[in-house]
Amino acid sequence: MSEGIVVERAGQKITVFVPEEGKHYRGVPLGKVRKRDKIFAGDVVEGRIVDNETFAIEGIKDRKNLLIRPPIANVDKVVIVSTIKNPPFQNYLLDNLLVVYDYLGVNPVVVFNKVDLLNEEEIKELDKWVDIYRSAGYRVIPTSSESGEGIEELREELKGVVSIFAGASGVGKSSLVRELTGEDLKVGEVSSKTERGKHTTREVRLIPFEGGFIGDAPGFSRVEALNFMDREEVRLHFPEFLRYECKFSDCLHLEEEGCEVREAVIRGEIPCERYKSYLKIIKAFVPWLSEVRNCSGD
Ligand SMILES: Nc1nc2c(ncn2[C@@H]2O[C@H](COP(=O)(O)OP(=O)(O)O)[C@@H](O)[C@H]2O)c(=O)[nH]1
Ligand SMILES: [Mg+2]
Ligand SMILES: [Zn+2]
């Protein structure tokens with residue numbers, strides 16, 4: 001038995017890379033596998049090397065996760081790209097993405113790209129946000145695909161893992177992937193005409209990178225966490241909230257008695273920007289917030 005990773009899935013075409021041999025093969029799913037399971041890029045497969053070109057797939061290893069956009073299994077990291085300027089930063093979008101990818105079991109790397117564009121004032125703004133996300137426990141890297149700043153750091157972060165890039169349109173996802181790998185990101189789904197009319201195929205490839213892979217299609221550009229999970233679950237995906245133990249274990253951190261998260265917001269330990277994002281995500285309002293210093297209004 002050999003083990004390989006599916007690095008390309010396009011229609012019926014499956015390409016398997018076998019690290020042991022350092023070679024690519026055409027993957028042919030055998031009997032049981034073909035009927036029972038769908039196979040995705042990122043799948044770790046077991047089977048036999050039949051000849052120089054063919055790998056007979058006999059089994060698929062249990063998946064750590066399976067993303068739908070792009071359709072890739074076993075994604076270790078998502079690089080969530082934002083900018084302070086061009087386009088302007090919207091922390092609510094980033095916070096939603098952080099919640100959703102955490103829920104999906106993918107480790108985020110927070111990237112602020114296009115730092116070459118920032119003047120002194122805007123660099124202060126950048127520093128403020130970098131500080132907020134680092135304090136929350138995230139890995140944060142300011143980058144520029146123009147000047148090269150942060151690119152080596154990002155490269156280190158992606159060594160040996162399967163990763164994808166996500167974030168709003170225009171923030172520089174394609175530019176960063178091109179800078180790192182020399183290859184281009186596809187735009188999600190590829191549509192093609194057939195005799196039956198228009199239909200869409202979802203094809204995806206993993207670009208080999210530093211002992212790991214980068215998905216060649218972008219992840220979500222924006223999401224609403226409540227489309228993925230219950231309102232009660234969102235609080236579990238704000239890592240800085242988990243440091244506090246409230247009186248009630250099901251506390252939503254709104255107006256409950258003995259809420260330690262509220263106390264932490266009032267003391268300024270939890271940044272009010274993050275807490276306000278939380279409220280907006282779960283569509284809640286709390287009257288006490290207007291009393292908190294530097295935290296009122298919107
Ligand atoms: N100044 C500057 N421009 C950048 C940077 N990265 C990307 N861009 C530009 O921003 C625009 C959008 O980049 P693109 O990679 O297509 O963004 P995507 O939509 O996220 O894939 C393009 O015109 C890029 O040349 C950067 O670090 N600095
Ligand atoms: Mg792009
Ligand atoms: Zn609470």
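The tour below goes from the domains to a pocket, then to the ligand, and ends with some details of the backbone.

**Stop 1: the domains**

Before you start, remember that this is a predicted model. Colour the chain by its three parts: domain 1 (2-62), domain 2 (67-186 + 196-215) and domain 3 (230-291). Notice that domain 2 is written as two stretches of the chain, 67-186 and 196-215. Now look at domain 1 and domain 3 together: their centres, taken over C-alpha atoms, are 46 Å apart.

**Stop 2: the largest pocket**

Next, look for empty space. Rolling a probe the size of a water molecule over the atoms shows where such space is left. The largest pocket in this model has a volume of about 520 Å³. To find its centre, select Arg9, Gly11, Gln12, Lys38 and Ile39, the closest to that centre of the 21 residues in the lining.

Now show the strands. β2 (13-18), β3 (23-29) and β13 (197-201) each bring at least two residues to the lining of the largest pocket, and β3 gives the most, with four. If you colour the lining by class, you will count eight nonpolar, five polar and eight charged residues.

**Stop 3: ligand 1**

Select ligand 1 and show what surrounds it. There are 15 residues in this shell, and the closest are Asp116, Ser145, Gly170, Ser174 and Ser175. Zoom in on three of them:

- Asp116: an N or O atom of its side chain is 2.7 Å from a nitrogen atom of ligand 1.
- Ser145: here too, a side-chain N or O atom is 2.7 Å from a nitrogen atom of the ligand.
- Ser175: a polar atom of its side chain lies 2.6 Å from an oxygen atom of ligand 1.

How much of ligand 1 does the protein cover? On its own, the ligand has 580 Å² of accessible area, and the protein covers 69% of that.

Then select helix α5 (residues 173-181), which provides the largest share of the shell, three residues. By class, the shell around ligand 1 is made of three nonpolar, eight polar and four charged residues.

**Stop 4: backbone details**

Most residues other than glycine have a negative phi, and most peptide bonds are trans.

Select Arg69 and Pro70: the peptide bond between them is cis, with omega near -10°. Pro70 sits in the loop between β6 (66-68) and β7 (71-73). Another cis peptide bond joins Asn86 to Pro87, with omega about -5°. You will find Pro87 in the loop between β8 (77-83) and α2 (91-104).

Finally, click on Asn74, in the loop between β7 and β8. Asn74 is not a glycine, yet its phi is positive, at about 60°.

How values were computed:
Residues are numbered from 1 along each chain as its sequence is written. Chains are lettered from A and ligands numbered from 1 in the order in which they are written. This is a predicted model: local features need pLDDT of at least 70, side-chain atom pairs count only at pLDDT 80 or more; totals for chains, interfaces and linings use all residues. Side-chain values use heavy atoms; hydrogens and water are left out. A residue is near a molecule or strand if one of its heavy atoms lies within 4 Å of it. A polar contact is a pair of N or O atoms within 3.5 Å; within protein, one must be able to donate a hydrogen and the other to accept it, and residues adjacent in sequence count only if both atoms are side-chain atoms. Accessible areas come from the Shrake-Rupley method with a 1.4 Å probe; for residues, only the protein chains shown count as cover. Ala, Val, Leu, Ile, Met, Phe, Trp, Tyr, Cys and Pro count as nonpolar, Asp, Glu, Lys and Arg as charged, and the others, Gly among them, as polar. On a 1 Å grid over the protein atoms alone, a cavity is a set of points where a 1.4 Å probe fits but cannot get out, and a pocket is an open set with protein on both sides within 12 Å along at least five of seven lines; lining residues have an atom within 4 Å of a point. Grid points are joined across faces, edges and corners, and a volume is the space filled by probe spheres set on the points. Domain bounds come from an automatic or database domain assignment.
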